[in-house]
Amino acid sequence: MISSTPSTALEPAAAAFLRPSARRLLVLGGIGLILVGMIFGDIFAVFVLHQNAARVGAGLSAAAHAALAGDPVEVGAHFADVGSFLENRGTKVDVHVHMIDFGYLALLLALVQPWVAYRERMKRHLARLFLIGSVVLPVGVFLIHYIGLVHSPLQAIGWASIFADLGGVCVLLATAGFLVGVYRYLAARRSSSPSDDLLATASKAGRRLLAGGVILVLLGFAHGAYYAASDLYRHENLDYSILLRMATASALQDAVQVDKSLAEYGQLQGDKAVKIAAHAHIIEFGLLAMILAFFQPYVCLREEWKQRWVSMLLLGSTLLPVCVLFELRYGLLAGGIADVGGLIVIIALLAMWIGIVRYTGALDAATEIPS
Amino acid sequence: MSGARQILVIGGIALAVIGMCHGTWYAVFAEHQALDRAGGSVAAAFTHAAQRQPAQLAASLEEYREAKYRHERQVDAHGHWIGLAMLLIVLGVAFDRVAATERFRLILAIGLLTGAVLFPLSVLLQTISHGPVPRGLAIASSGLMIAALAGTALGLALGPAGEKA
């Protein structure tokens, strides 16, 4: 499936990708982060998300019934459980989101490398700092639920949170460093733009990804605007009013109203979750497609295979958010298809990553022969 | 680098840095306390229900509502700033392929950057004021962002296959 091997007289795109250039670190690290984040998200969606939501619902139900029975001690115990389940869910979602977003940012920083006015050595240091922070933050966030406040010197923040925040600071410093590099480039008032075939090349696969990505992002924006106008404040008001009805019914010992409110609250949380997830995923996948459009020259596969993986990526990127949106109406069937959509995106991305690894292998072989 | 591209690339990276600073500040100094407050308030409401104290119950739930409202907007502002920043950077890289005059590209870039700065800011302002101004700003800035992105998409669709950077 290899289309071509880079020649020994290196083209600009190949020269920018020599081992161990900052661009290469950021591209391979960035796609790796996105892949791990997506696989983590898929595993979380299949094995944890729904089970955890059921436990939260059961915990809230038990607390409401304890209040109905006039037992404040049991109420406290059940809410402690609910808090723990919510923390488990929240930290897992944060790991998924941060890992993928750091991957995107790594790819974007790889794209702007020609405009970063530092020596290659400095760029590599910044790229490494960025990637270290991008791993430390999600790992720290993942451990928050398991480590808690054990041996912590602070009252509200545990060691896992401290390390997660340190990871965030590493990413922040590296990004700020690259920003200063771009500013130095502009301040030097260079007369011509740096030569970079990656930004100039527009293959058919790249154009399809760019067009598909922009359409997905626009659809996501339109859906977000619709959600904000029609559901956001309604959901917030319902969240409060249903809980108020549930708690008041518990105080009045009205078991029928408590159960009715519990069912309404479950429906509300489901409705809110699927709409927000659809909005977030369609935009994230659109952005991913747009970013990957620029890296197609690095994907060392035959043109027809490149096209196939592009089609797969766009198909999965559409399937997942649309099916998530239908999850409340069609239940597990839609949920299952959404998970398959996520898997299709992962496979297509993995194929492109392998294509880029092959490119680097061919590049290294080409540069090692003369030496 | 063209003016429009400068606005989007520099503006995008700067916005990502601002979003990260905001996220780091929130995670270190406010998030845990906000979550404890929201969780503690709803637990207190049901404890009051168990003790048959409806007045205190309503007050605790009101506190939960306010804590949750603030927390969700802080997280939304952080997420939207960084998400929109990444969109600005990728559009900046692609911007020379937009079929438009340099002046119109500049207008599109300013529109995109203004929307990307103001929309999360208006969400953040909602934690200070529940009035119509932050909500109006959110509607206007998101509308500006959508219009500018639609214009860019059209320009990309009409643009050449590829241009030198």
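Analyst: A quick term to start with: pLDDT is the predictor's confidence in each residue, from 0 to 100. It matters here because this is a predicted model.

User: Thanks! Where in chain B is confidence lowest, and where is it highest?

Analyst: The lowest value in chain B belongs to helix α1 (residues 3–29) of chain B, with a mean of 92. Helix α4 (residues 102–125) of chain B has the highest, at 96. For chain B as a whole, the mean pLDDT is 91, and 96% of its residues reach 70 or more. The model itself scores ipTM 0.88 and pTM 0.87.

User: Happy with that. What makes α7(A) and α8(A) roughly antiparallel?

Analyst: Their crossing angle. The axes of helix α7 (residues 204–251) of chain A and helix α8 (residues 255–294) of chain A cross at roughly 160° and come within 7 Å. Angles over 145 degrees count as roughly antiparallel, so α7(A) is roughly antiparallel to α8(A). The crossing of α7(A) past α8(A) is left-handed. Sorted by class, the contact of α7(A) with α8(A) has 26 nonpolar, twelve polar and six charged residues.

User: How do you know whether α2(A) and α2(B) are roughly parallel or roughly antiparallel to each other?

Analyst: Their axes come within 7 Å and cross at roughly 30°. Since angles under 35 degrees count as roughly parallel, α2(A) and α2(B) are therefore roughly parallel to each other.

User: Which residues make that contact of α2(A) with α2(B), and of which class are they?

Analyst: From α2(A) come Ala63(A), Ala64(A), Ala66(A) and Ala67(A), while α2(B) brings Phe46(B), Ala49(B) and Ala50(B). Ala and Phe both count as nonpolar, and the tally for the contact of α2(A) with α2(B) is seven nonpolar, no polar and no charged residues.

User: What does the whole contact take from each chain?

Analyst: It takes 60 residues from chain A and 54 residues from chain B. On the side of chain B that touches chain A, the elements giving two or more residues are α1, α2 (31–50), α3 (54–94) and α5 (132–158) of chain B. The most come from α3(B), with 14 residues. That side of chain B has 38 nonpolar, eleven polar and five charged residues.

User: One last thing: which domains does the assignment give in chain A, and what makes up the contact between them?

Analyst: The assignment gives domain 1 (20–194) and domain 2 (201–371) of chain A, with C-alpha centres 18 Å apart. Their contact takes 24 residues from domain 1 of chain A and 25 residues from domain 2 of chain A. On the domain 1 side, α2 (22–68) and α3 (72–111) of chain A are the elements that give two or more residues, and α2(A) gives the most, with 19 residues. By class, the side of domain 1 of chain A that touches domain 2 of chain A has 18 nonpolar, four polar and two charged residues.

Methods: Residues numbered from 1 in each chain as written. Chains lettered and ligands numbered in written order. Predicted model: local features only at pLDDT ≥ 70, side-chain atom pairs only at ≥ 80, totals over all residues. Helix = DSSP H or I, 4+ residues; strand = E, 2+ residues; numbered from the N terminus. Axes fitted to C-alpha atoms, helices over the stretch in contact; angles between N-to-C directions. Parallel < 35°, antiparallel > 145°, perpendicular 65-115°, else oblique. Left-handed = near helix turned anticlockwise from the far one by under 90°. Domains from an automatic or database assignment. Contact = placed C-beta atoms within 7 Å.
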